[in-house]
Amino acid sequence: MRFEDGVPFVVRLEAEDRQALFESGTPLVFPARQVLLREHEPTAHVLILLSGWTKVTSAAANGYEALLALRGPGDIIGEGAVLSGRPRGATVTALKRVEALAVDAARFSGLLAERPGISRKLLALTSDRMRDSDRRRVQYAALNVQERLALLLLELIDSHGEDSEEGVQLTAGLTQSELAGSVGASREAVARLLKGLRERGIVRTGRRGLVVVRPDVLRKMVRPENR
């Protein structure tokens with residue numbers, strides 16, 4: 001299972017449709033940790049990510065926060081709110097410096113009407129994301145919290161891992177609360193599991209974030225059919 005959709009929106013488009021989309025956008029730059037879109041705010045535009053990675057999160061009234069996805073170059077964000085006319089359903093934050101194109105909501109809706117190819121590709125992307133979400137729910141239902149956390153860390157190694165002297169540095173910069181929300185557990189439960197992994201020499205934590213020292217041990221924690 002992939003942590004994020006494998007084929008970005010822009011890559012799916014035909015060359016002429018891609019050019020029309022790009023010509024409709026206004027370039028923007030966001031520094032690391034800046035919020036690009038905020039949950040519950042009114043909808044004004046969609047963003048096409050050109051470079052850099054973002055995290056998509058949602059928070060409950062009690063402070064429980066879940067990581068919904070990681071979006072990077074070629075991805076589109078904010079399209080759901082534009083299509084539904086509702087407020088933003090999640091917060092999107094830059095993990096590092098992000099370059100993007102902002103396409104006004106009215107202009108984006110016009111593009112969908114003028115260019116059926118863009119509409120079809122957007123529909124296909126939405127369907128793929130829903131299928132991935134359903135698959136994740138079914139898969140997680142069969143796993144305990146430790147297995148879910150191990151699987152999440154393995155996915156982050158694949159998508160946001162950089163080799164270092166200590167092991168594999170996870171560059172996504174996720175908090176324990178976000179990790180907990182992603183695996184359907186409390187922050188305290190995830191903190192205990194990470195402490196256990198540290199004591200066994202499987203991971204290390206510090207100012208630079210989380211380093212996976214023994215990915216092989218994490219793989220053994222997850223049943224082969226769920227990797």
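Which side chain meets that of Glu155 in a salt bridge? In this predicted model, the partner of Glu155 is Arg136, with a distance of 3.1 Å from N to O.

View 1. To their contact, domain 1 brings 13 residues and domain 2 brings 20 residues. About 1,300 Å² of area is buried between domain 1 and domain 2, with carbon and sulfur atoms giving 54% of this area.

**View 2. Polar features of the interface.** Two salt bridges are found across the interface of domain 1 and domain 2, and the count of residue pairs in polar contact between these domains, both at pLDDT 80 or more, is four. On the side of domain 1 that touches domain 2, the elements giving two or more residues are β4 (54-59), β5 and α5 (116-141), and β5 gives the most, with four residues.

**View 3. The largest nonpolar core.** Among the 33 residues of this core, Leu156, Val190, Leu197 and Leu218 touch the most other members. Elements that each supply at least two residues include β5 (65-71), α7 (176-183) and α8 (187-199), while α6 gives the most, with eight residues. Both domain 1 (9-140) and domain 2 (144-221) contribute at least three residues to this core.

View 4. Leaving aside residues up to four places away in sequence, Val190 touches Leu149, Gln176, Leu179, Ala180, Val183 and Ala185. A second, separate core of 18 residues includes Phe9, Ile76, Val103 and Leu111.

Conventions: Residues are numbered from 1 along each chain as its sequence is written. This is a predicted model: local features need pLDDT of at least 70, side-chain atom pairs count only at pLDDT 80 or more; totals for chains, interfaces and linings use all residues. Side-chain values use heavy atoms; hydrogens and water are left out. A nonpolar core is a set of buried Ala, Val, Leu, Ile, Met, Phe, Trp, Tyr and Cys residues joined through side-chain atoms within 4.5 Å. Buried means under 20% relative accessible area, exposed over 50%, partly exposed in between (1.4 Å probe, protein chains only). Domain bounds come from an automatic or database domain assignment. Contact means heavy atoms within 4.5 Å. Buried area is the accessible area (1.4 Å probe) that two parts lose on being put together, summed over both. A salt bridge is a side-chain nitrogen of Lys or Arg within 4 Å of a carboxyl oxygen of Asp or Glu. A polar contact is a pair of N or O atoms within 3.5 Å; within protein, one must be able to donate a hydrogen and the other to accept it, and residues adjacent in sequence count only if both atoms are side-chain atoms.
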